[in-house]
Amino acid sequence: MPAVTAPAHQKGDCFVDFEEKVFEDVKAEPGQKALVKFHTVAFEGSIGFVNLLQATRLQRKGFETSILLYGPGVTLGLQRGFPRLGDESFPGHQNYANQIAKFIEEGGKVYACRFALQALYGHGEPSLLPGIRPISPLDVLDIVLIHQRDNAFIMDTWTL
């Protein structure tokens, strides 16, 4: 049987070169826009939170950035907590709320489809996190078309 002679890894060790950046750090040109579309369920994987971080990064790179929550994506914008709204009942329970609040504070816009809120998930506009703008289901296609017309960067999250 082979013997393991390498010392055990220690806290603070690195497995990869996290400082090397291969590509240029792209910044938005004046007037450039980005739209990040969310059609994913909150807490059903990491894609929702990861792409909230990506939306924040796009905003910080200078893009006029909007988030569209539609279909199951509206679940990312709902107030939660236990035993009271806003309470963090487990570590990370408020990740979506905190990241959305940070995104809005930094100038980002967040829109949520009213149809998905009420018809699909049984929530109303008062259930949304502060700063999220509810929109008509007819606006869901139009916000995409407007961003496409403006040659915006559009990112989708179609994971369920």
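The structure is a predicted model, in which local features need pLDDT of at least 70 and side-chain atom pairs count only at pLDDT 80 or more, while totals for chains, interfaces and linings use all residues. Residues are numbered from 1 along each chain as its sequence is written, and side-chain values use heavy atoms, with hydrogens and water left out.

Helices (H or I, at least four residues) and strands (E, at least two) are DSSP runs, numbered from the N terminus. Threonine 75 is located in the loop between strand S2 (64-69) and helix H2 (95-105). Threonine 75 counts as buried because its relative accessibility is 9%. With neighbours within four places in sequence set aside, threonine 75 is in contact (heavy atoms within 4.5 Å) with Thr40, Val41, Ala42, Arg80 and Tyr121.

Five strands form an open sheet in the order S4-S3-S2-S1-S5, with parallel pairing; two strands pair if DSSP finds at least two bridges between them. S4 and S5 stand at the edges with a single partner strand each, so one side of each is left without a neighbour in the sheet. On average, neighbouring strands of this sheet are turned by 20° against each other, direction ignored; axes are lines fitted to C-alpha atoms, for helices over the stretch in contact, and angles run from 0 to 180 degrees between N-to-C directions. S3 and S4 are joined in the parallel sense over four bridges, and cysteine 113 stands opposite isoleucine 135 in S4. H2 packs on the sheet, where it touches S2, S3 and S4, and its direction makes about 125° with that of S3.

Helix H4 (residues 137-149) lies across S1, S2, S3, S4 and S5, running at about 145° to S1. Val140, Ile143, Val144 and His147 are the buried residues of H4. Viewed down the helix axis, these residues fall within an arc of 95° and so line one face of H4; the arc is that of the directions from the helix axis to the C-beta atoms. The buried residues of H4 pack against S1 (33-38), S2, S3 (109-113), S4 (132-135) and S5 (153-157). The face turned away from the buried side carries the exposed residues Leu138, Leu141 and Arg149. Just after H4, asparagine 151 takes a positive phi of about 55°.

How values were computed
Buried < 20%, exposed > 50% of the residue type's maximum accessible area, 1.4 Å probe, protein only.
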